[in-house]
Amino acid sequence: MKRILIAAFAGAFLIACNNEKKDEKTADATKETTMETKTDKAWVPIDSAMMMKVWQENMTISENHKMMAKGNGTWTGEATMWMANGAPPTTSTVTAVTESIYGGLYSQSKQSGDMMGSPFQGVSTMGYDNLKKEFFSTWIDNMGSGVITMTGQYDDAAKKLNLSGKAMCM
């Protein structure tokens, strides 16, 4: 189970790529669309009791946070990557040390190993947003300068957490 979990995390974080490139015209159009969709609604004050209630709900440890904590520990697994369709796979051993942080609201996993002959280090932070009712995860590593952000839901029937996101590939 531990090997499958590490392979799944490493595969999701290292292989998920978005080769989409935007030119200046597309980027400008995106900015314009984003700005146009904002609404100028009047600010409506809420009372301090309501704000405190929502704040408390947002910082409460839920069953989803407790479920994430079950992944705490030191895990060793094998990561397999394919650099192109039909190419032979590259495998490496990865170690992950996972712990709950900030009172159990988040799970942080520090991973290390050797990828393609180079030392590898990565950090994943996962959480469950009580307000949005969704899981999220961020990933950074020493193999690039970007961040991968993913969101998704837990499929109780399949007992599987489905996260998706986009990342730029070189």
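Here are some friendly notes on the predicted model shown above, arranged as numbered points.

1. **Ground rules.** Residues are numbered from 1 along each chain as its sequence is written. Because the model is predicted, local features need pLDDT of at least 70, side-chain atom pairs count only at pLDDT 80 or more, totals for chains, interfaces and linings use all residues, and side-chain values use heavy atoms, with hydrogens and water left out.

2. **Overall layout.** The protein chain contains 4 helices and 7 strands, where helices (H or I, at least four residues) and strands (E, at least two) are DSSP runs numbered from the N terminus. Reading from the N terminus, the order of elements is α-α-α-α-β-β-β-β-β-β-β. Contacts (heavy atoms within 4.5 Å) are also worth a glance: among those in the protein chain with a separation of 6 or more, 38% join residues 24 or more positions apart.

3. **Burial and surface.** The protein chain has 170 residues, and 24% of them count as buried. Here buried means under 20% relative accessible area, exposed means over 50%, and partly exposed lies in between (1.4 Å probe, protein chains only). Accessible areas come from the Shrake-Rupley method with a 1.4 Å probe, and for residues only the protein chains shown count as cover.

4. **A nonpolar patch.** Have a look at Ile46, Met50, Met51, Val54 and Leu131, which form a nonpolar patch on the surface with about 460 Å² of accessible area together. Patches are made of residues with over 30% relative accessible area and no salt bridge; like charges are joined within 9 Å, and nonpolar side chains (Val, Leu, Ile, Met, Phe, Trp, Tyr) within 5 Å. One of the patch members, Val54, sits in helix H3 (residues 48–58). Val54 counts as partly exposed because its relative accessibility is 33%.

5. The model has 2 salt bridges, each defined as a side-chain nitrogen of Lys or Arg within 4 Å of a carboxyl oxygen of Asp or Glu. In one of them, the side chains of Lys53 and Glu57 meet at 3.0 Å, N to O. Lys53 and Glu57 are 4 residues apart in helix H3, so about one helical turn separates them. Both partners are partly exposed: Lys53 has 48% relative accessibility, and Glu57 has 41%.

6. Glu63 pairs with Lys66 in a salt bridge, with the closest N and O atoms 3.3 Å apart. Both residues lie in helix H4 (residues 63–69), 3 residues apart, about one turn of the helix. Glu63 is exposed, with a relative accessible area of 59%, whereas Lys66 is partly exposed at 45%.

7. Gln108 belongs to strand S3 (residues 106–115) and counts as buried at 18% relative accessibility. Leaving aside neighbours within four places in sequence, Gln108 is in contact with Val97, Thr98, Glu99, Ile101, Val123, Ser124 and Thr125. Gly71 lies in the loop between H4 and S1 and is also buried, at 19% relative accessibility. The C-alpha atoms of Gly71 and Gln108 are 10.0 Å apart in space, while the two residues are 37 apart in sequence.

8. **The cavity.** The structure holds 1 cavity of 30 Å³ or more, and the largest cavity has a volume of about 30 Å³. Its lining consists of Ala79, Met81, Thr90, Thr91, Ser92, Met115 and Met116. Strand S1 (73–81) and strand S2 (90–101) are the elements giving two or more residues to this lining, and S2 gives the most, with 3 residues. On a 1 Å grid over the protein atoms alone, a cavity is a set of points where a 1.4 Å probe fits but cannot get out, and lining residues have an atom within 4 Å of a point. Grid points are joined across faces, edges and corners, and the volume is the space filled by probe spheres set on the points.

9. **Backbone angles to check.** Most residues other than glycine have a negative phi. Met116, in the loop between S3 and strand S4 (118–129), has a positive phi of about 50 degrees although it is not a glycine. Lys133, in the loop between S4 and strand S5 (134–141), likewise has a positive phi, near 60 degrees. Met116 is also one of the residues lining the largest cavity.

Notes
On a 1 Å grid over the protein atoms alone, a cavity is a set of points where a 1.4 Å probe fits but cannot get out, and a pocket is an open set with protein on both sides within 12 Å along at least five of seven lines; lining residues have an atom within 4 Å of a point.
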